[in-house]
Amino acid sequence: MNKKILQVFIVYLCYTFFIVLLFYPIVFQSMVPVAPDALVPRASSIALDRLAGATGMYPLWQPWVFSGMPTVEAFSYLSGLYYPNMLFSLFHADGMFLQLQHLVFAGLGVFLLLRDLRVKTLAAVFGGAVFMLNPYMTVMLVHGHGSQLMTAAYMPWLLWATGRVFERRGLADAGLLAVIAGFQLQRAHVQIAYYSWMLALLFALFLLVSRKETPAAKLRSSGLFLLSLVLGVAMSASIYLPASQYAASSVRGAAQQGGAASWEYATQWSMHPFELLTFLVPGGFGFGGVTYWGFMPFTDFPNYAGIIVLLLAVAGLFLSRKEPVSWFLAAALLLSLLLSFGSFFSPVFSLFYHAAPLFSRFRVPSMALVMAYLVLSILSARGLHELLLADREKLLKPLKTATIALAAVALLFLAFGQPLEVFFRSVFPPPPTDSFDAAFLINKVRWETLQGSVWTVVLFAGCSLAALWLLYGKQLNNRIAASLILLFAAGDLLWCDAQIAYPSESSLRSPVLAQSAQVERAFEPDDITSFLASRPGAFRIYPGGPLFGENKFSLFGFESVGGYHPAKLRIYEEFLKRTENISSITALKMLNVGYILSPVPIEHPELEPVKEGKLQLAGGDTDVRVYKLKNSCPRAWFATTVTGVEGRDELFRRVLGGKNVSDSVFVDVHWRESWNFARGMVLSMQRTAERMTLKVSAPAKAFLVVSEVYYPSRWKAQLDGKDVPVLEVNGLIRGVRIPPGEHEVVFAYDRSLFDQGRMISFAAFGIAMLLIVGGVIVSRSGGKKDGEKRVLSSR
């Protein structure tokens, strides 16, 4: 076996050991994440899997959530468009296994990048391990943000492949960069991919400027780099081509509109500079949940980078300060921090918000810290590399300084523990509770978390300094010292990761993992779902109160007016706000709601109690009452009066104030008058997720109203095989004019953009693979051998 391949395999096993050690309960004890972001999409994914199996087509519309919304266009149900999934599906690998493998993949990417930077093997192993074990990555896994984790895993690989293109200028390297870029975009966390590409573009610019080459060589490198990015974008066309059209209809497209609301949206979860303290002390601002007392709305984890990682990163930056690549890394680190500050330091963020394409669509500026974590991992590995190469006598002064500083922190907390506790308790903001006892307990946990974090940091930093002292005294050789520092740094991060993945009861944070059997039970039939399944006809349900965001109902084919999705249709979001989460009986009737589910009793003349029972959820069984809504509208009907209303305020005032929603409907147009229509009949209706066929009859001109969400970009209507316009009715649903006689009306979801994008994706992937194969053939037939020269040397 090739020595390099064997080395990478050994590193893979090493990283796998760390991951298994951290996530032992997930790997061997059938524990699964139970955070809302992990469970809520799961039900929809299972339902869409069934739909795909039944129809043989990739589902583009999910009718069970928010009365219907897109899948791919809204960045839902994308696993089937991620090409590596096709390989893993052959082995029946589940999503959690795939995420764990991506953690190892992330570490390997950093390792290979550092080896190309001529960093010693053990130092490179260190860099990959600390990036893979960063608390940010752990949070993404246990809190259900798998696409974010897997997209971030490609960041080091993108830099590695970019370096190879500019170093070797080979076709195979260009094809490899295209595949990596395309796969990352297919994982479809746009904001993380955006930061990755920004970092890669800055790296490419740095290489272009810093390399001493002929203009022709630079032109070839740049051309191959740009070709790779174009192919990468094309590989993801099946996702981004339809999604680009959906942006204007999505709530997340609101940031494009400009103004104060857009700025507020984009700067949510900005990180205050004071919270940089958590890079050093993870409990500096609490540890997430109710104990968090920082400047963001809430968070589930501290932005901890690891004390050993930070100390080595500073050493790496200082000891290699004369090398151009160190300046690039320092600039990237600074940019990441400034962007993460968002509204707390607006000049840099504002520049990107107004000038950088697409940047204004994002929120959570603190997410830019993922670049900082990667850069710190690289710098810390270079720091360890430089320390192991440095003259031992030169280590004496920095060792003394670091030891004295660490001892001073320890003595400060030993000697002034009580005054420090009093000081911090006075700084803590009031906890979000009216109970004095609860507030006292929360502040107590805040202080204990801060104090415990300080002592943990002192312990691991002290162990690493001890290893360096032993190295200085020649009692340890370089390899053993580096191995010990790696273990101490991994232990530091594993300790923080464990607090995130396995919170104790005393932490006041809820468990994020549970037995899979408990979770699977939540997806099984129960009293309520069995009752609803026995009800005839087409109807929607309204899950009231805390049940509104529950997606479980999709598993059983129940179409809900509620649900959860961060990128719902903007027209539906407006409807929710105007109707106070559809608390209007008129709005419920208009949406063909047949049954209302409530955990508390409801008294209303329009509601008839029909069932009481248990609804099985991941958090336990919930007592639910089912009410039948009287006189609800059918899924399709004929209105006799259509009134034109100018302005959304007036439209919703008229809609919600109307008494007979089935007879009179309203459209937002510039003419203010009413039109009378004949009352037609719906003779038959056939429905699938992406198609509705109606046989209708009208004695004269009639107006057909269909209680389906108005989305004209994709949902098209035909009358007897000819395209007809669809009107927005009552601010949300659809309407079509019907001439006299019997007719067939078909509403069909337009798949053309998705199909076109999928063809482009396959073609681009094929071209990238041809570049790789062709490049290898050319190289073997007389081109330069792989690795013949390196230019990113750190010496």
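This is a predicted model: local features need pLDDT of at least 70, side-chain atom pairs count only at pLDDT 80 or more; totals for chains, interfaces and linings use all residues.
1. Next, have a look around phenylalanine 359. Which residues does it touch, leaving aside its neighbours within four places in sequence? The contacts are Tyr194, Tyr195, Leu339, Phe349, Phe352 and Tyr353. Several of these names come back in one aromatic cluster, formed by Tyr194, Trp263, Phe349, Phe352, Tyr353, Phe359 and Phe362.

2. On aromatic pairs in general, the count comes to 52. In the pair of phenylalanine 352 and phenylalanine 359, the ring centres are 5.6 Å apart and the planes meet at 50°, so the pair is tilted. Both phenylalanine 352 and phenylalanine 359 are buried.

3. For another geometry, turn to tryptophan 469 and tyrosine 472, an aromatic pair that is edge-to-face, with 6.0 Å centre to centre and 85° between the planes. Both residues belong to helix H22 (residues 436-472), where they sit three residues apart, about one turn of the helix. An α-helix has 3.6 residues a turn, so residues three or four places apart point the same way. Tryptophan 469 has a relative accessible area of 30% and is therefore partly exposed.

4. Now for the strands. Is strand S7 (residues 593-598) enclosed or open? Six of its six residues are buried, so S7 is largely enclosed by the rest of the structure. Strand S5 (residues 540-543) runs parallel to S7, and four bridges join the two. Within that pairing, tyrosine 542 stands opposite isoleucine 596 of S7. Strand S9 (residues 620-629) is also joined to S7 by four bridges, but here the strands run antiparallel. The bridge partner of tyrosine 595 in S9 is lysine 628.

5. Helix H10 (residues 171-187) is worth a quick geometry check. Its 17 residues reach 25 Å from the first C-alpha to the last, close to the 24 Å expected at 1.5 Å a residue. H10 is mostly covered, with 15 of its 17 residues buried. Alanine 188 follows H10 and has a positive phi, near 65°.

6. Turning to charged side chains, the count comes to 30 salt bridges. One of the pairs is glutamate 421 with arginine 425, at 3.2 Å, N to O. Both lie in helix H21 (residues 417-427), four residues apart, about one turn of the helix. Glutamate 421 has a relative accessible area of 19%, and because buried means under 20%, this residue counts as buried. Arginine 425, at 25% relative accessibility, counts as partly exposed. If you use a cut-off of your own, do keep these two values in view.

7. Some salt bridges link separate elements. Arginine 578 pairs with aspartate 649, the closest N and O atoms being 2.5 Å apart. Arginine 578 lies in helix H26 (residues 570-578) and aspartate 649 in helix H28 (residues 648-657), so the pair ties together parts that are 71 residues apart in sequence. In terms of accessibility, arginine 578 is partly exposed at 30%, while aspartate 649 is exposed at 57%.

8. A further salt bridge joins strands. The side chains of glutamate 744 and lysine 695 meet at 3.1 Å, N to O. Glutamate 744 lies in strand S21 (residues 741-749) and lysine 695 in strand S15 (residues 691-698), so this pair ties together parts that are 49 residues apart in sequence. Glutamate 744 is partly exposed, with a relative accessible area of 29%, and lysine 695 is partly exposed at 37%.

9. Finally, there is a network to trace. Which residues are linked in a network of salt bridges? They are Arg540, Glu559, Arg635, Arg687 and Glu708. Arg540 also brings you back to point 5, as strand S5 covers residues 540-543.

Note on methods
Residues are numbered from 1 along each chain as its sequence is written. Side-chain values use heavy atoms; hydrogens and water are left out. Contact means heavy atoms within 4.5 Å. Buried means under 20% relative accessible area, exposed over 50%, partly exposed in between (1.4 Å probe, protein chains only). Two strands pair if DSSP finds at least two bridges between them. The expected span of a helix is 1.5 Å times one less than its number of residues. A salt bridge is a side-chain nitrogen of Lys or Arg within 4 Å of a carboxyl oxygen of Asp or Glu. Rings of Phe, Tyr and Trp (its six-membered ring) pair if their centres lie within 6.5 Å; planes under 30 degrees apart count as stacked, over 60 as edge-to-face and the rest as tilted.
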